[in-house]
Amino acid sequence: MTSVYESLFLHTVARAIVPIIQVFAFYVITHGHYSPGGGFQGGVMLAVSIILLRISVGEESFERFPRNAGIVLAGVGALCFALLGLAPLLLGGSFLDYGREFFWLPAPTAHYWGIFLAEVFIGILVWGSLMAIYDTLAGGGEE
Amino acid sequence: MRFLVLALVILLGAILVWGATDLPQRGDPLAPAAVHESVAVHYIERAYAETRTPNMVTAVLADYRGFDTFGEAVVVVAAAISCLLILPRRSPKAEGGGEGSRPAGTSAGGSR
């Protein structure tokens, strides 16, 4: 795995900064309606926070975010996004037709929440994908 | 086999470049997107009324062009799956076992 630097400063700074990165990532994902941002950017930030833990803290980061969690998160995100798109087809609409999907809401509000859910699922998907890519690249090829 | 794959990749790239030459020039006033300006005008005028989303980019990205965004997201997942498939695992123990044996493989690597 990656080399773990035995540095108190690095551990402390990483442990302090990772929650801030993650909170800002949730802000970027959920605030995509009003400002630049969205699922892709926020997902990258979530992945970067985990990668920072992998580099600095190292072994302990696998306890909360195990090695195979990345691809599972990516698959769950992609599946949820696909279901979000496919559900309106069963109700007689077209692909990703949020207005048909959330039919009990007025149409603009339904689109609002559809966009929100799509951004959240994209965030989960990108988060898991980049974690999986990093873990594979950093952990593969060594004896 | 290797040359067949290389030839297929080059062929695919050539097809993509050939398709890209058919795109209109940037800023072309006769481009279909400029001539049939109902799409762009529709986004600018109606995006907030239809989606309650002040950020027009988000409305276009996740709603009007949601299918395109879905494709982008699937490409990211495909990249991750390709990494897992192509790159070798650290040890046979980590590869052969189920979910239980992978933390053991990583812990063995960490104590290196």
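**View 1. Chain A meets chain B.** In this predicted model, 40 residues of chain A are in contact with 34 residues of chain B. Two residues are in contact if their C-beta atoms, placed from the backbone, lie within 7 Å. On chain A, the elements that give two or more residues to this side are α4 (69–90) and α6 (107–139). The largest share, 17 residues, comes from α6(A). Helices are DSSP runs of H or I with at least four residues, strands are runs of E with at least two, and both are numbered from the N terminus. By class, the side of chain A that touches chain B has 21 nonpolar, 15 polar and 4 charged residues. Ala, Val, Leu, Ile, Met, Phe, Trp, Tyr, Cys and Pro count as nonpolar; Asp, Glu, Lys and Arg count as charged; the others, Gly among them, count as polar.

Residues are numbered from 1 along each chain as its sequence is written, while chains are lettered from A and ligands numbered from 1 in the order in which they are written. Local features need pLDDT of at least 70, side-chain atom pairs count only at pLDDT 80 or more, and totals for chains, interfaces and linings use all residues.

**View 2. Helix α6(A) packs on helix α5(B).** Helix α5 of chain B covers residues 66–86. The two helices pack at an angle of about 20 degrees, and their axes are 8 Å apart. Axes are lines fitted to C-alpha atoms, for helices over the stretch in contact, and angles run from 0 to 180 degrees between N-to-C directions. That angle makes α6(A) roughly parallel to α5(B). Angles under 35 degrees count as roughly parallel.

**View 3. Residues between α6(A) and α5(B).** From α6(A) come Ala118(A), Ile122(A) and Leu125(A), among others. They belong to a group that meets residues of α5(B), including Ala73(B), Val76(B) and Cys83(B). By class, this contact has 14 nonpolar, 3 polar and no charged residues.

**View 4. Leu96(A), a residue with positive phi.** Leu96(A) is in the loop between α4 and α5 (98–101) of chain A. Its phi is near 60 degrees, a positive value in a residue other than glycine. Leu96(A) counts as buried because it has 25 C-beta neighbours inside 10 Å. The cut-offs are 20 or more other C-beta atoms within 10 Å for buried, 12 or fewer for exposed, and in between for partly exposed, with C-beta atoms placed from the backbone.

**View 5. Arg52(B) in a loop of chain B.** Arg52(B) is in the loop between α3 (38–51) and α4 (56–64). Arg52(B) has a positive phi of about 55 degrees, although it is not a glycine. With 18 C-beta neighbours inside 10 Å, Arg52(B) counts as partly exposed.

How values were computed:
Parallel < 35°, antiparallel > 145°, perpendicular 65-115°, else oblique.
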